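Here is a friendly briefing to read alongside the picture. Take a moment to turn the view around, then follow the topics one by one.

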Amino acid sequence: MSNGTSELNQNSKRESLRPVSNDKRIFGLLTYISLWISSMVVIQLFMIGQSFLPPAGGLNLFQAGVVTVVSALFIGWLFVVNSKPGMEHGIPFIVQARVPFGYNGARIASLIRVIPAVFWYGIGSWIGASAIDYITQTIWGWGNIWLFFIIFQVLQTAIAYYGIQSIKWFDSVLSVVIMGFLIYIIYQLFNVGSVKVAESWSSTGTWGLPFFAAITASVGILITAVINNGDLSRYLENSRKNNWIGHLVGIVPMFILMLGIGILSAAVTGIWDPIQALVSIIPNPTVAVAMMIFIVVAQFTSNLTINIEPPAIVLMETFDIKWGVSVIIVGILSIATFPWLLISSSRFYTFIGFYSAFLGPLLGILIADYYLVRKQSYDIEKIYDESVKYNWLGLGSLLIGGVIGVFFLEISWMVSLPISLVLYWGGHLVLPNYKSQLVQTISNGKSIS
């Protein structure tokens, strides 16, 4: 049975998703920032950055830099906006989603967040296994990527199995080491390829569709984490300062660093594979091995926070199974995504655009509901009431926005997010049943769910 606490551990079940009171929060500002510093070493961001410059992309170095800064500031703002419900009310994403989608509808909507996480979990683990394989090949002349992939999965599952405290301390402790490696990589990129960097800066490039597609892909990588960040912010000490500083300091600089390293590596090496690109700029095998160890650690930290916790919480809530069991299931599912095929597929970026088409509406509806409909106020007990199984306005707005976004795949969430936001808010303004909720919210100063 569950121990009755809202702090996740291996025995937690559905009742652990009750609100976390402020005196039970485990993250102060510094530990929260350090958690995100380590979690933001997302190798997939590195790969996205590599795709901006020729031959994969059509931007020059200046345009790629503009994409990086714009995307970073926007993603930081989104984190602040959608993390507030979790921080202020102590509730996770799956509970927040019950308001616009209904008790059961939230489980349907959450699949849009869960499925990409499972895929990225597998991809991150495969990248980590590739790094381990390189290490053993370099030192002993032997490797087995399949064995390393399974070991990688087992170790990550073991850390996540013990819950939020385990994730907190593993990520926080490694943040300083990770920062040091990133600074070294940037130094080495400029040291090896300063001439090529200058050439990439002065090339023609484009401010057209490829520019906006680059922003879409960059933000699309982390829109998943924005959506469910209530899972983490519910453990952050509740204050406006913690929300703004915690996300803008913990996320924005690291986002810029990771995209920037990918962009620079493309300019210097012209190699798309992240392992090969990093190895090509390393001066000797000893440093190369250290770099591969860094990649392994980076995959651990980002997977724990961004790709393991969200689907595990949804499984735990949906089936009322123990957290530890849920983590194991997520690990197995990530293997079944065949990441070794996806990461080398020419459809890799199509995959990002497609799921972003539906993630945009999901985020837009969450924002519209909390800020425009509920006026930043929840009736918490009603959220945990199972009487409203489905909110058809929320689900319908999600479907319509997502389908339209698919037709604009290169800029999917840019189109689909505002469409669903307006549809959902507009429904509360004009549809009689929903309009009454909005009127009551405004007149009472307190939302109903």
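Val406 sits in helix α19 (residues 392-406); helices (H or I, at least four residues) and strands (E, at least two) are DSSP runs, numbered from the N terminus. The model is predicted, so local features need pLDDT of at least 70 and side-chain atom pairs count only at pLDDT 80 or more, while totals for chains, interfaces and linings use all residues. Residues are numbered from 1 along each chain as its sequence is written, and side-chain values use heavy atoms, with hydrogens and water left out.

**More about Val406**

- Val406 is partly exposed, because its relative accessible area is 27%; buried means under 20% relative accessible area, exposed over 50%, and partly exposed in between (1.4 Å probe, protein chains only).
- Leaving aside residues up to four places away in sequence, Val406 touches Phe354, Ala357 and Phe358, where contact means heavy atoms within 4.5 Å.
- Val406 and Phe358 are 48 residues apart along the chain, and their C-alpha atoms are separated by 8.2 Å.

**The chain as a whole**

- The chain has 21 helices and zero strands.
- Of its 449 residues, 60% count as buried.
- Among contacts in the chain with a separation of 6 or more, 84% are between residues 24 or more positions apart.

- Two packed helices are described by the angle between their axes and the distance between the axes.
- Helix α1 (residues 29-39) and helix α14 (residues 285-319) have axes that come within 7 Å and cross at roughly 110 degrees; axes are lines fitted to C-alpha atoms, for helices over the stretch in contact, and angles run from 0 to 180 degrees between N-to-C directions.
- That angle makes α1 roughly perpendicular to α14; angles under 35 degrees count as roughly parallel, over 145 as roughly antiparallel, 65 to 115 as roughly perpendicular and the rest as oblique.
- On the α1 side, Leu35, Trp36, Ser38 and Ser39 make the contact, and α14 brings Thr301, Ser302, Thr305 and Ile306.

**Salt bridges**

- Side chains of opposite charge can pair when their charged atoms come close.
- A salt bridge here is a side-chain nitrogen of Lys or Arg within 4 Å of a carboxyl oxygen of Asp or Glu, and by this rule the count comes to six.
- Glu381 and Arg18 form one of them, at 3.1 Å from N to O.
- This pair links distant parts of the chain, 363 residues apart: Glu381 is in helix α18 (residues 380-383) and Arg18 is in the segment before α1.
- Glu381 counts as exposed because its relative accessibility is 51%, whereas Arg18 is partly exposed at 33%.
- Lys84 and Glu88 meet in a salt bridge of 4.0 Å, N to O.
- Lys84 and Glu88 are four residues apart in helix α3 (residues 61-89), so about one helical turn separates them.
- Lys84 counts as buried at 18% relative accessibility, while Glu88 is partly exposed at 31%.
- Arg98 pairs with Glu317, their closest N and O atoms being 2.9 Å apart.
- Because Arg98 lies in helix α5 (residues 98-101) and Glu317 in helix α14, the pair ties together parts that are 219 residues apart in sequence.
- Arg98 is buried, with a relative accessible area of 6%, and Glu317 is buried at 1%.
- Arg98, Arg107 and Glu317 are linked in a network of salt bridges.

- Ile139, Trp140, Trp142, Leu147, Ile151 and Leu155 make a nonpolar surface patch of about 650 Å²; patches are made of residues with over 30% relative accessible area and no salt bridge, with like charges joined within 9 Å and nonpolar side chains (Val, Leu, Ile, Met, Phe, Trp, Tyr) within 5 Å.
- Helices α6 (105-140) and α7 (145-161) each supply at least two residues of the patch, and α7 gives the largest share, three residues.
- Ile151 is in α7 and counts as partly exposed at 38% relative accessibility.

**Two loop residues with positive phi**

- Which value does phi of Asp320 take? Phi of Asp320 is near 50 degrees, a positive value in a residue other than glycine.
- Asp320 lies in the loop between α14 and α15 (323-335) and is partly exposed at 30% relative accessibility.
- Phi of Phe338 is near 55 degrees, also positive in a residue other than glycine.
- Phe338 lies in the loop between α15 and α16 (339-342) and is partly exposed, with a relative accessible area of 45%.

Definitions and conventions:
Accessible areas come from the Shrake-Rupley method with a 1.4 Å probe; for residues, only the protein chains shown count as cover.
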